[in-house]
Amino acid sequence: RSYPAGVPADFDFPVIPLTRLLDDAASSFPTNTALAFLGTKISYKELKDGVDRFASALAGLGVVKGDRVALVLPNCPQNVIAFFGALRLGAIVVEHNPLYTEKELRHQLKDCGAKVVVCLDRVYPTIAKVKGDTDLTHVIVTSIGDYLPTKAKVALRLPLGKAKKQRAEVYAPVPKCAQVAQFSAMVKGAGLPVRHTAIHPMSDLALLEYTGDTTCPSPGARRSHHHLDSDTHVTPTWATPPPAGSSYTPGVLPLSHASTLMSA
């Protein structure tokens with residue numbers, strides 16, 4: 001009785017894998033911008049291709065349905081690509097705040113049992129410290145600079161003091177002896193297409209979310225494909241959405257927080 005006029009009391013949510021949202025968008029709006037990041041624009045088709053390639057690369061590492069893939073990344077294209085790439089294989093994504101301390105990351109990575117982690121180059125030193133206490137077997141490193149426009153990348157290589165300072169803000173050194181894989185190289189080197197894994201949306205997990213706001217150590221909460229997909233269908237029932245393919249969502253809050261991830 002308290003719902004505004006036009007808001008249904010019930011809704012027939014589709015029962016589909018979460019990756020279907022990306023597939024539908026790439027099919028309906030292939031050239032529309034899916035991600036805009038520091039001057040770089042990625043279309044839905046390009047995003048889908050990157051997701052499929054990364055999924056193929058993960059499969060080459062032995063990732064299978066039910067495995068946990070940890071993401072320790074800020075809001076960047078790699079976060080989105082890795083998220084959907086893992087789901088392609090039926091793997092479960094575990095988002096971690098890249099600002100977490102060594103103690104927090106050790107607990108969460110050990111608790112979730114992730115075998116693969118995708119992390120920002122600046123976070124690698126922390127990952128290296130906690131890796132031995134976890135089940136991690138593969139560390140994939142990426143940089144904010146990986147998805148900068150070509151012009152910006154060239155400018156950062158100039159032998160100027162200003163460029164050197166900016167380069168240090170964008171890239172963080174990873175020891176040459178470190179046993180890591182490079183995200184960009186994995187995406188470029190992987191083949192297409194990837195074999196999609198059968199997903200049971202109601203029961204198969206898509207996300208493990210650590211809710212560390214009130215308890216320590218932070219507990220994990222399980223989110224199924226259907227749970228996350230249903231959330232994306234709720235908002236339009238409460239507000240008239242713009243025409244399909246024409247809206248943009250600023251990514252201000254961190255994707256490592258589940259409420260942001262679901263609303264995006």
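**Exercise 1.** Classify Asp52 as buried or exposed, and find which side chain meets Asp52 in a salt bridge.

*Solution.* Asp52 counts as buried, at 4% relative accessibility; buried means under 20% relative accessible area, exposed over 50%, and partly exposed in between (1.4 Å probe, protein chains only). The model is predicted: local features need pLDDT of at least 70, side-chain atom pairs count only at pLDDT 80 or more, and totals for chains, interfaces and linings use all residues. Residues are numbered from 1 along each chain as its sequence is written, and side-chain values use heavy atoms, with hydrogens and water left out.

Next, the partner. Asp52 forms a salt bridge with Lys48, 3.0 Å from N to O; the term requires a side-chain nitrogen of Lys or Arg within 4 Å of a carboxyl oxygen of Asp or Glu. Lys48 is partly exposed, with a relative accessible area of 23%. Both residues lie in helix H2 (residues 44–60), four residues apart, so about one helical turn separates them. Helices (H or I, at least four residues) and strands (E, at least two) are DSSP runs, numbered from the N terminus.

**Exercise 2.** Determine which parts of the chain the salt bridge between Lys65 and Asp204 ties together.

*Solution.* The closest N and O atoms of Lys65 and Asp204 are 2.9 Å apart. Lys65 lies in the loop between H2 and strand E3 (68–72), and Asp204 in the loop between helix H8 (183–189) and strand E8 (205–210), so the pair ties together parts that are 139 residues apart in sequence. Lys65 is partly exposed at 37% relative accessible area, whereas Asp204 is buried at 15%.
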